[in-house]
Amino acid sequence: MLVVLGSAATGCSSGVSDESLPKVTGAYLSDPEISMPTGNPPTGLVIRTLIAGTGPVVQSSDLALVYVEGKVWAGDREVFDSYTNRQPQSVPLATGGVMPAWKQLAGERVGSRVMMVVPPSDGFGKSGYSQLNITGSDTLVFVFDVLTSVPEEAAAQGSPVAYDPGTKLPEVVEQSASAGPKITIPAKTAPPTKLTVKTLVQGSGAPLTSGQTVVVQYSGVVWRSGTVFDSTYVNKTPDTFVLGANEVLPGMEQALGGVKVGSRILMVIPPALAYGDQAEPPDIDNNDTLVFVVDVIDAYTPPTA
């Protein structure tokens, strides 16, 4: 059951009063203060837009980037908080990511602050989530700040740059948006021994800097076999990471530093800057060279204190 309160309440049940819900104070992007009421939580999912943003409407297939704080209703115990360390949470809305209720961020506008009261059936279900000591009977309360959203088929937006692979570098051919670029490894050719980076599309956005949360699409291929071992295009979910936080391969960190948002980059990463002698079965063996084509879709800079 879904009860929407606030500006979108037309036609929905009025059985849940404001007085019976948690109180939330604080401005957009500030760490929210969530005060729990006395009494039992509502039995259905409740959503309230606390601050209405003016940005684009988040679509049901988008990847949303949010700050989120979450508490267990019973005991007023905090279980999530990405405000404090300023590291946004990425939410693939087609699946909800962490839990089904989070799908309901679709329809909100970027710049909004949203509260959700989530019963177990819309959260972690009867099994709960033991790692956070959440039981199968716990109702959860979340506050989100919607930072940005990215369509599932987003790609580089910029000016194409002439690229001649010759006989020693991979060929890159555009396919459909859902398939992403096709990467063909040159036959019977040894890979470069050093990190090799080529710009295929020059974006017009700001250069990437350390500490930003970067949103990318990519395809990854093993040089040895030509096998595609990962593709966000095929998975229909752009990826996110914090640049400079060692969340991606060292070679990718080096290749993307200073790249402008909107760009498409080809990178050939030698083993020492990839997985080295740590195989990643079934596709990546020890000392494999990897090839990526990466589209830099967006970058979010945390606000300064």
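Ala, Val, Leu, Ile, Met, Phe, Trp, Tyr, Cys and Pro count here as nonpolar, Asp, Glu, Lys and Arg as charged, and the others, Gly among them, as polar. All views show a predicted model.

**View A. The largest cavity and its lining.** A search of the whole structure finds one cavity of 30 Å³ or more. The volume of the largest cavity is about 40 Å³. Its lining consists of V118, P119, P120, G123, F124, G125, I134, T135, G136, D138 and L140. Sorted by class, this lining has six nonpolar, four polar and one charged residues.

**View B. Aromatic pairing of F80 with F142.** The model has 10 aromatic pairs. One of them joins F80 and F142, whose rings are tilted, at 5.7 Å centre to centre and with 50 degrees between the planes. F80 belongs to strand β6 (residues 77-81) and F142 to strand β9 (residues 140-150), so the pair ties together parts that are 62 residues apart in sequence. F80 is buried, at 16% relative accessible area. F142 is buried as well, and its relative accessible area is 0%.

**View C. Aromatic pairing of F124 with Y129.** The ring centres of F124 and Y129 lie 4.9 Å apart and the planes meet at 15 degrees, so the pair is stacked. The cut-off for stacking is an angle under 30 degrees. F124 is buried, with 16% relative accessible area, whereas Y129 is partly exposed at 31%. F124 is also one of the residues that line the largest cavity.

**View D. An aromatic cluster.** F80, W102, F142 and F144 form one cluster.

**View E. The cis peptide bond from P281 to P282.** Omega of this bond is near 5 degrees. P282 sits in the loop between β17 (264-269) and β18 (290-300). Most residues other than glycine have a negative phi, and most peptide bonds are trans.

View F. For R86, phi is near 55 degrees, a positive value in a residue other than glycine. R86 is placed in the loop between β6 and β7 (89-92) and is partly exposed, at 23% relative accessibility. For K236, phi is positive too, near 60 degrees. K236 is found in the loop between α1 (232-235) and β16 (239-242), and is partly exposed with a relative accessible area of 36%.

**View G. Confidence along the chain.** The protein chain has a mean pLDDT of 93, and 95% of its residues reach 70 or more. Over residues 1-14 pLDDT stays under 50, and the model has 22 contacts beyond four places in sequence for this stretch.

How values were computed:
Residues numbered from 1 in each chain as written. Predicted model: local features only at pLDDT ≥ 70, side-chain atom pairs only at ≥ 80, totals over all residues. Heavy atoms only, no water. pLDDT = per-residue confidence, 0-100. Contact = heavy atoms within 4.5 Å. Phe/Tyr/Trp six-rings, centres within 6.5 Å; stacked < 30°, edge-to-face > 60°. Helix = DSSP H or I, 4+ residues; strand = E, 2+ residues; numbered from the N terminus. Buried < 20%, exposed > 50% of the residue type's maximum accessible area, 1.4 Å probe, protein only. 1 Å grid on protein atoms, 1.4 Å probe; cavity = no way out; pocket = protein on both sides within 12 Å on 5 of 7 lines; lining within 4 Å. Points joined across faces, edges and corners; volume = space filled by probe spheres on them.
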